[in-house]
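Please look over the sequence and the structure shown here before reading on.

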Amino acid sequence: MGNKQKKGKNQKKSLPRRIVALIIVLSAVLFWTLFCAIGALQNFDYRVYDLMLGFVKNPDTRKEILLVEADNISTSNDSFQEMKTWPWPRNIFANALLRMKEFGAGSAVFDIEYLSPSNLAVNEDAIIDAAANFDGSRPNFESFIKDNDDYFSRAIQFFGNTWLTINTLDIDMKYSDEEIEYVKKRFLYNAEDKNDLILKDFRQSRLDSIKTSFIDNFTEDKPDWDNPDFLKKYIIGFSPAMHQFISHANGAGFTNVIIDMDGTRRRIELLNKKDDVYSGQLSFAPIVRTLNPEKIIREKRSLRLEKCSGLNGKTIKIPLDSKGKMLINWLHSLFVDSFRHESMFFLAQLDELEKNIVLELKSLSGFLTSLDSAQIPGLKLDPLQSAAAVKQLVADYKDITDFKEYLLSKCEGYDIEGNAIGGGIDDSEYEQYFQARKDFFDSVTAFCKGNSMDEIADRLLALSEYIPADEYQVIQTELAELFDTLESENSLYNSIFADKKAVYENSFCILGHTASSTTDLGTTPFERAYMNVGTHANVYNTIMNQDFIYPVDWGWGVVIAAIFAIVLIVLPAEKRDLIQNTTGVLLVLLSVFVPFLLIRLFNVYIPAFTPFLIAFTSYLAMTIYRFATSESDKKFIKSAFSQCLAPAVVDEIIKNPSSFKLGGQTIEMTAIFTDIQKFSGFSELLSAAQLVALLNFYLSQMSDIIMDNRGTVDKYEGDAIVAFVGAPLKTTEHAALACRSAIKMKKTEREMNAYIEDVVTKPKPEDMEQDLYDAFCIMVKNKKTIFTRIGLNSGEIVAGYMGSTNKKNYTIMGNNVNLASRLEGVNKQYRTGGILMSEATRKGLDESFIVRSLDRVQVVNVVTPIRLYELLDLRETADENLLDYVASWEDAMKVFESGDYAKALEMLKKLSELRPEDNTAKYYIELIEKFFIKGSYPTENDDFGVAYNAENPENMKAEWIGTAYEIKGTFKLLQK
C-alpha cells in the first residue's frame with residue numbers, strides 16, 4: 001500500500017513537468033511564428049540563407065556566357081578618347097556589334113538602357129578623307145555630320161540576335177500608343193496565369209520595395225492599381241528602349257531586379273505583366289526564344305515551360321518562392337572570377353588597327369603609283385607589280401566598305417509582325433561580305449610576306465643616279481618604316497582577330513558597364529559590390545543548367561521544428577538531466593543541420609532561423625525551468641558562475657550589465673610591450689624598497705602616457721609594461737595612438753634621466769621618498785640610465801576577461817600579442833633607438849610619423865616573413881636633417897637588398913659619419929663587413945643573432961614565390 005502511494009506521488013510530479021514542457025514548446029512555436037509572420041525575423045533569415053547558399057555545390061559555368069564590358073581598360077586608354085567618358089557614343093557599340101557578328105557571336109544582350117536620342121556627331125573620317133582628296137571643288141558638308149543613332153540602330157539589326165531593355169518602372173519617358181503596341185506585339189509573350197499571380201506578385205513586390213526604400217510616407221491601405229495617378233506616384237510603368245533602336249532588335253527583356261529588404265539581390269522576377277501579355281526578364285527572354293516552349297504556365301510555386309522544342313520536347317519546371325520569384329543559384333566566386341570577361345577595348349583596338357592598315361595601304365599606293373609612273377629617257381622600266389597589288393587592295397577595301405554601307409542600308413527595321421522591312425540581309429550576303437573581308441586581309445598578309453620590298457628596292461636602285469643622295473636615303477628609310485608598320489599592324493590584327501573569334505564564336509554575350517566609375521552595382525550573397533551585368537549572367541546560368549534552388553515555405557520549417565521539439569523536449573521531460581540535456585542539444589543541432597543538409601544535398605531551402613529559435617528557446621527555457629525548480633540545479637548555477645567570473649566582475653555586471661560580455665572578442669588593435677634595458681643591473685645595486693620606489697616612479701609616468709592616448713594597461717611584469725590600444729574602447733586609429741605613446745615614452749625617458757642627474761646634485765626634495773632619492777643617487781654614482789625598448793604590432797587580437805577559476809582580468813592574447821613581445825626584444829639585435837614596429841602597424845600610420853625600414857625577417861616560431869620598421873619621431877617635431885637622413889637610409893636599404901653590398905657599405909658608412917650615434921647603421925656596417933662583402937651569409941652557428949635565408953626552404957608554399965611571403969632574401973631572428 002505504501003509503495004502504491006509513493007508511485008502515485010511520483011506520477012503527480014511527472015505530469016506537471018511534461019505539461020510545462022509542452023507549454024514551453026507551444027509558447028516558443030507561437031511566439032516565434034508571430035515574429036516570423038510579421039517579418040521581424042526576415043533579415044536574419046536572409047543572412048542565414050546567404051550562409052547556407054555557400055554550402056550548395058558551386059554551379060557549373062555555362063561556357064557560352066561571355067560578359068562584354070565597358071571596363072577600366074576601355075575607359076582609361078588614351079588611344080581612344082571617345083571611350084574615356086561615359087556614356088560612350090553609340091557608334092562604338094555599333095562597331096562592336098559588326099565585329100561580334102564577324103566573330104560569329106550567338107547573342108548580344110544589352111544591359112544598357114537606350115531611352116533617348118543622342119546628339120549628332122562630327123564624322124572625322126569623312127573630313128580627313130575630304131582633305132586628303134581636296135580638288136578645289138566645294139565638299140559635301142553633309143557627309144561631315146554622322147548620325148550615330150541611325151548607325152547603331154542598323155548595326156542592331158545587322159547583328160541579328162540583339163536584345164534590348166525594357167524598364168518596368170515609370171522613368172518619365174514619353175511613348176506613343178503605337179510604340180507601346182509595337183513592343184507588346186513583337187516582344188511580349190502569352191502565358192497561362194489563371195489566378196493572375198504574376199501581376200499580384202509584381203504589385204506586392206513594388207509595395208514592399210516602396211515601403212522599405214522609396215517612399216517613407218506610404219499610407220495607402222488599398223492601393224488603387226487602376227488609377228494612373230497612383231501608378232505615376234509609385235513609379236510603376238513600362239519603358240522600353242527608344243523605338244528607333246527596339247524596332248531593329250530581335251527581342252527585349254526587362255532589367256529590373258528584386259532587392260530584398262537588406263539591400264541584397266537573391267531572387268529574380270522572370271515575367272512581368274503588361275495589359276494582357278508578359279515581358280520576360282533580360283536573360284530569360286532570350287532563353288524562351290531559344291527553348292521555344294509550346295506554353296508558358298504560371299502556377300503558385302513554379303513557372304513551367306511546356307514541351308520546349310529547343311530541348312526535344314522536354315518541359316522545364318522553374319521553382320518559385322512564396323513571392324513568385326526564382327532564387328538565383330549564384331556562382332560562389334567574386335564577379336571578376338565569374339564567367340568569361342572580354343573588354344570592349346579589344347574590339348575598338350581591332351577597328352583602329354584596320355583603319356591604320358588601310359591608311360598605310362593608301363599611303364603606299366600613292367608612293368608606288370608615283371614611282372611606277374616615273375619616266376627616264378633611255379631607261380626602260382617594267383611596271384611595278386607591287387604598285388598594282390596595293391592599288392587593288394585599296395580598291396578592294398573600298399568595295400568592302402561600299403558593300404557594308406549597302407548591307408546597313410538594308411537594315412530598315414522590322415514591322416510589327418517581326419518581318420524585316422525591305423527583306424533585310426540574306427545569309428548569302430553575310431557570307432559574301434565576311435568572305436570578302438577575309439580575302440582582303442589574307443591578301444594584305446600575302447603582300448606583306450611577298451617580295452614587294454625587293455622589287456621596290458630594285459626600282460629605287462635603278463633610279464638612284466637620278467635622285468639626290470640625301471633624298472634617296474630618306475625615301476628608303478620612310479618606305480622601310482611604312483612596310484614594317486604595315487606588316488606589324490597586320491600581324492597584330494590577325495593575331496587579335498583569331499584570338500577574339502575563338503572567344504566570341506557562338507557566345508551568349510551580355511554587354512554592360514563595369515568600369516570603376518559605374519554605379520550599376522549591387523550586393524549579392526557572395527559580394528558586397530557586384531557588377532549587375534553579372535546578375536543577368538547568373539540568371540541565365542541557373543535556368544540553362546536547370547540547377548535551381550527549391551524554396552519551401554517557412555511554415556513547414558516551423559511544423560518540423562515543433563514536431564522535433566515535442567519528441568526531444570516534451571517526451572524526455574521525466575528523464576535524467578543528462579538525457580534531457582542530450583536530447584535538447586540534439587534538437588538544437590538538428591534545427592541547424594537538417595536545413596543545411598537539405599540545401600547541400602538536394603538544393604532544397606527551408607528558412608532555418610525560426611526553427612532554430614524555436615529549438616533553442618525551447619531547450620533554454622526548459623533548462624532554466626529545471627534549474628529553477630531543483631536545489632541541486634541552483635547549486636550548479638552558482639558553481640558554474642563562480643568558475644567563470646570573479647566576484648569583482650560580478651559586481652560590475654550588476655552595476656552595468658551592458659559593459660561585460662562573457663568570452664573574448666577578436667578586435668583589430670595594437671599591442672604594446674615595453675622593457676627597461678639591462679634592468680637586472682638595477683636590481684643588483686638597489687634594495688627591494690629602493691627598487692619598488694624606482695619602478696613606481698617609472699611605471700606611473702609611462703602608464704599615464706599610454707592611458708592619455710586611449711590605451712589600456714594590461715599588466716606589469718617587473719619593469720615591463722604590457723598594454724594595448726583599441727579595446728575595450730574600439731578605435732580605427734589604434735596604430736597611430738600607440739606610436740604616439742611610444743614616441744612620448746621615449747621623450748619622457750630622456751626627461752627622466754635628465755631629472756635624475758639634476759636632482760641628485762641638490763638636497764632631497766621634501767615631497768620625495770627617501771628610497772627613491774637614494775635609488776637616484778646610486779644610479780648616478782654607477783652611471784646607470786633608463787633605456788626603454790618598445791615593441792608594437794597591430795592586427796586581430798583576442799581581448800576579454802580571462803584568468804583562473806577564481807580571478808579573471810581584462811587582458812589580451814594571440815599570435816599578434818606574441819609578435820609585439822618579440823619585437824620589443826629585437827630592438828637589442830638591431831641596436832635601435834628603442835621603438836620597433838611590425839609591417840601591420842606601419843600600414844596603420846599616415847605621413848605624420850617618421851619611420852625607417854629595416855630587414856624582412858622571420859621572427860622565432862613565425863614562418864611568414866615580415867618587414868621591420870623603426871619609429872623615429874613625429875614629422876611635426878623632427879628637424880629637416882632627420883628627414884633627409886631617413887631618405888638616404890631608405891636608398892641604402894634598397895641597395896643592400898638588391899645585392900650591391902659594396903655600394904651599400906659605402907652609403908651606410910657615410911650615414912654613420914653623419915650620425916655617429918646611430919647604432920643601427922653600425923650594426924649593418926658590421927653585418928656587411930663580416931659576412932656579405934666576403935660573399936658569405938650569417939648562419940645559426942655564427943652567434944650573430946640572425947641567420948640569412950639565401951634560398952627558399954623546401955617546405956615553403958610554391959605560391960609564395962615572388963610575393964611578400966617569399967622567405968628567400970630574409971633574415972631569421974635567432975633566440976639567444
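## Terms and model

Two strands are taken to pair if DSSP finds at least two bridges between them. The model described here is a predicted one.

## The three-stranded sheet

An open sheet of 3 strands is arranged in the order β11-β12-β13, and its pairing is antiparallel. Because β11 (293-299) and β13 (314-319) each have a single partner strand, they stand at the edges, and one side of each is left without a neighbour in the sheet. From one strand to the next, the twist averages 15°.

Within this sheet, β11 is joined by 6 bridges to β12, which spans residues 302-308, and the two strands run antiparallel. At P293, the residue standing opposite is C308 in β12. Helix α11, made up of residues 284-291, packs on the sheet and touches β11, β12 and β13, while its direction makes about 30° with that of β12.

## A loop residue, T255

The loop between β7 (251-254) and β8 (267-268) contains T255. With a relative accessible area of 15%, T255 counts as buried, because the cut-off for a buried residue is under 20%. Leaving aside residues up to four places away in sequence, T255 touches D111, E113, T165, I166, L282 and H536.

## The pairing of α13 and α14

Two packed helices are described by the angle between their axes and the distance between the axes. For helix α13 (residues 385-409) and helix α14 (residues 427-449), the axes come within 10 Å and cross at roughly 155°. Since angles over 145 degrees count as roughly antiparallel, α13 and α14 are therefore roughly antiparallel to each other. The crossing of α13 and α14 is left-handed.

On the α13 side, the residues that make the contact include A389, V390, L393, Y397, I400 and F403, and on the α14 side they include Y433, A436, R437, F440, V444 and F447. Sorted by class, the contact of α13 with α14 has 13 nonpolar, 3 polar and 4 charged residues.

Strand β22, covering residues 711-717, pairs with strand β23, covering residues 720-725, in the antiparallel sense over 6 bridges.

Definitions and conventions: Residues are numbered from 1 along each chain as its sequence is written. This is a predicted model: local features need pLDDT of at least 70, side-chain atom pairs count only at pLDDT 80 or more; totals for chains, interfaces and linings use all residues. Side-chain values use heavy atoms; hydrogens and water are left out. Helices (H or I, at least four residues) and strands (E, at least two) are DSSP runs, numbered from the N terminus. Axes are lines fitted to C-alpha atoms, for helices over the stretch in contact, and angles run from 0 to 180 degrees between N-to-C directions. Contact means heavy atoms within 4.5 Å. Buried means under 20% relative accessible area, exposed over 50%, partly exposed in between (1.4 Å probe, protein chains only). Angles under 35 degrees count as roughly parallel, over 145 as roughly antiparallel, 65 to 115 as roughly perpendicular and the rest as oblique. A crossing is left-handed if the near helix is turned anticlockwise from the far one by less than a right angle, and right-handed if clockwise. Ala, Val, Leu, Ile, Met, Phe, Trp, Tyr, Cys and Pro count as nonpolar, Asp, Glu, Lys and Arg as charged, and the others, Gly among them, as polar.
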